[in-house]
Amino acid sequence: MSLPRHSDPIVAIATAPGRGAVGMVRVSGRGLHDLLLALCGRPLKPREATYTAFLDATGQAIDHGLALYFVAPHSFTGEDILELQAHGGPVVLQLLLARCLQAAAELNAAGQPRLAHLRVALPGEFSERAFLNDKIDLAQAEAIADLIDASTEAAARSASRSLAGAFSQEVHQLRDALIHLRMLVEATLDFPEEEIDFLKKSDAQGQLSNLILNLTALRARAQQGALLREGIKVVIAGQPNAGKSSLLNALAGAELAIVTAIPGTTRDKVQQTIQIEGVPVHVVDTAGLRESEDEVEKIGIAHAWDAIAQADAVLFLHDLTRLEQAAYRADDDAIARTIAEKLPRQVPVIEVWNKLDAASAQSLPEGLNLSAKTGAGLDALRQRLLQVAGWQSGSEGVFMARERHVQALHQTQDHLQAAQVHLEAQAQALDLLAEELRLAQNALGEITGEFTSDDLLGVIFSSFCIGK
């Protein structure tokens with residue numbers, strides 16, 4: 001799995017771009033002693049913060065700050081690490097980064113470069129080193145990026161649990177049970193005359209059933225974690241002046257979209273991410289759907305249909321004050337038919353009736369009736385959105401997960417269910433049973449990185465911050 005670049009020492013600015021009180025330059029590699037002497041002018045005691053000057057090539061101070069030295073394998077990456085914590089100005093940090101590269105190329109007393117082949121780190125390369133050196137598994141590495149990118153408190157807490165190993169521990173428990181069952185099945189292949197009795201005495205059927213049961217529970221929790229990470233994209237659609245922009249503003253609690261009585265005010269998509277019980281909901285307001293000769297409005301309507309086609313859920317907004325107008329109802333019916341044509345069947349369309357504050361109580365249709373103006377009915381809408389998203393309110397101990405984790409668990413479940421069929425066939429299909437269990441273990445191992453291609457690692461870590 002290791003590539004040639006993984007043996008190179010690496011350096012990067014490990015704090016966000018811009019000005020701040022403190023900034024950090026981080027170096028990771030093997031044998032950093034000569035480099036730290038050049039940078040700090042003194043030895044450093046491992047795992048102890050030292051206030052010191054950071055020196056340029058002439059021995060003058062670039063800045064003063066804290067230096068920390070971690071000796072392998074007792075570090076985040078499993079290699080030697082040097083961290084220079086200086087004042088957080090971009091010029092200072094760039095000077096320190098350049099000085100690290102310069103000092104690494106300088107010759108030491110033995111005539112050798114202080115740190116040969118030091119280069120600037122790629123995005124996520126420090127975390128990748130930690131994974132490759134068995135300091136963290138792949139699910140924990142991904143949780144680092146998820147913790148940084150978390151958009152809600154619930155998502156941050158869930159990512160922290162994954163980083164601490166909660167998700168990985170449950171995957172490992174399933175893996176251990178699966179390995180034990182594989183051992184039983186493959187052992188019987190060497191003793192064909194006794195294999196059926198041996199499996200029955202070992203309760204292989206019961207073990208497999210428990211595996212599937214535990215996997216189903218883990219998969220459900222992983223889907224909750226994936227929802228916390230990805231959220232749900234909700235598009236508000238409907239005719240002009242149905243109150244789409246007002247509904248977006250009401251859900252967001254801010255005046256994000258311009259609201260007027262003039263039809264066609266919204267010309268393009270307006271998006272805002274809100275949170276409902278910690279779940280990110282990406283709400284998209286779109287242009288009113290109607291026939292128009294205005295070129296700009298036509299483009300906005302086309303964008304609206306594109307957004308609808310990519311939605312996880314559609315809020316089809318109706319105007320309660322225009323229910324008695326035949327032309328309005330006919331246009332709503334036409335929009336409904338087009339939405340049905342453009343959306344996959346599994347994407348829910350939520351019928352919402354707006355302007356409750358101005359409507360007659362006798363004419364209210366069944367369904368979600370609300371007022372974007374007064375806020376009446378908004379809580380019911382929020383709960384409905386959580387319901388269609390598949391969120392289970394009150395979920396405790398949710399860990400962060402990604403869509404690839406959910407898919408890996410789905411593949412594992414498919415292989416275990418196929419294995420169950422072969423086990424019921426008994427002696428005629430034990431070799432197929434063993435193969436399905438092996439494939440199930442491989443699929444499960446993809447989550448933590450036990451069976452992972454270098455290509456997948458490149459995709460995962462390239463989305464990380466530089467210096468992380």
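Which residue just after H13 takes a positive phi? Keep that in mind as we go; the tour comes to it at the fourth stop.

Before you start clicking, note that this is a predicted model, in which local features need pLDDT of at least 70, side-chain atom pairs count only at pLDDT 80 or more, and totals for chains, interfaces and linings use all residues. Residues are numbered from 1 along each chain as its sequence is written, and side-chain values use heavy atoms, with hydrogens and water left out. Helices (H or I, at least four residues) and strands (E, at least two) are DSSP runs, numbered from the N terminus.

Select residues 10-13 and 20-29. These are strands E1 and E2, which run antiparallel and are joined by four bridges; two strands count as paired if DSSP finds at least two bridges between them. Together E1 and E2 make a hairpin with six residues between them, and Gly18 in the turn has a positive phi of about 110 degrees. To see how they line up, show Ala12, whose bridge partner in E2 is Arg26.

Select Leu96, in helix H2 (residues 90-105). Leu96 is buried, with a relative accessible area of 2%. Leaving out residues up to four places away in sequence, Leu96 touches Val25, Phe54, Ile62 and Ala86, where contact means heavy atoms within 4.5 Å.

Next, go to Gln140 in helix H4 (residues 138-149). Gln140 is also buried, at 14% relative accessible area. Its side chain reaches the backbone oxygen of Leu163 at 3.0 Å. Beyond its neighbours within four places in sequence, Gln140 is in contact with Ser162, Leu163, Ala164, Gly165 and Ser168.

Colour the strands E7 to E12. They form an open sheet with mixed pairing, in the order E8-E9-E7-E10-E11-E12. At the edges, pairing on one side only, are E8 (270-276) and E12 (368-369). Zoom in on E7 (residues 232-238) and E9 (residues 279-285), which run parallel and share five bridges; Ile232 stands opposite Val281 there.

Then bring in the helices. H11 (residues 326-342) lies across E7, E10 (313-319) and E11 (349-354), running at about 175 degrees to E10. H12 (residues 378-389) packs on the sheet as well, touching E7, E8, E9, E10, E11 and E12, and its direction makes about 175 degrees with that of E11. Axes are lines fitted to C-alpha atoms, for helices over the stretch in contact, and angles run from 0 to 180 degrees between N-to-C directions.

Show Phe167, Leu208, Leu416, Leu437 and Ile447, the residues with the most contacts inside the largest nonpolar core, which has 32 residues. A nonpolar core is a set of buried Ala, Val, Leu, Ile, Met, Phe, Trp, Tyr and Cys residues joined through side-chain atoms within 4.5 Å. H6 (166-188), H8 (204-230), H13 (403-424) and H14 (430-448) each supply at least two of its residues, with the largest share, eight residues, coming from H8. Click on Leu416 and look for its contacts with Leu178, Leu208, Leu211, Ile212, Leu215, Leu437 and Ala440, not counting residues up to four places away in sequence. Apart from this core lies another, of 30 residues, among them Ala242, Ile350, Leu370 and Leu381.

Stay with H13. Its buried residues include His405, Thr412, Gln413 and His422. And the residue just after H13 is Gln426, with a positive phi of about 60 degrees.

Definitions and conventions. Buried means under 20% relative accessible area, exposed over 50%, partly exposed in between (1.4 Å probe, protein chains only). A polar contact is a pair of N or O atoms within 3.5 Å; within protein, one must be able to donate a hydrogen and the other to accept it, and residues adjacent in sequence count only if both atoms are side-chain atoms.
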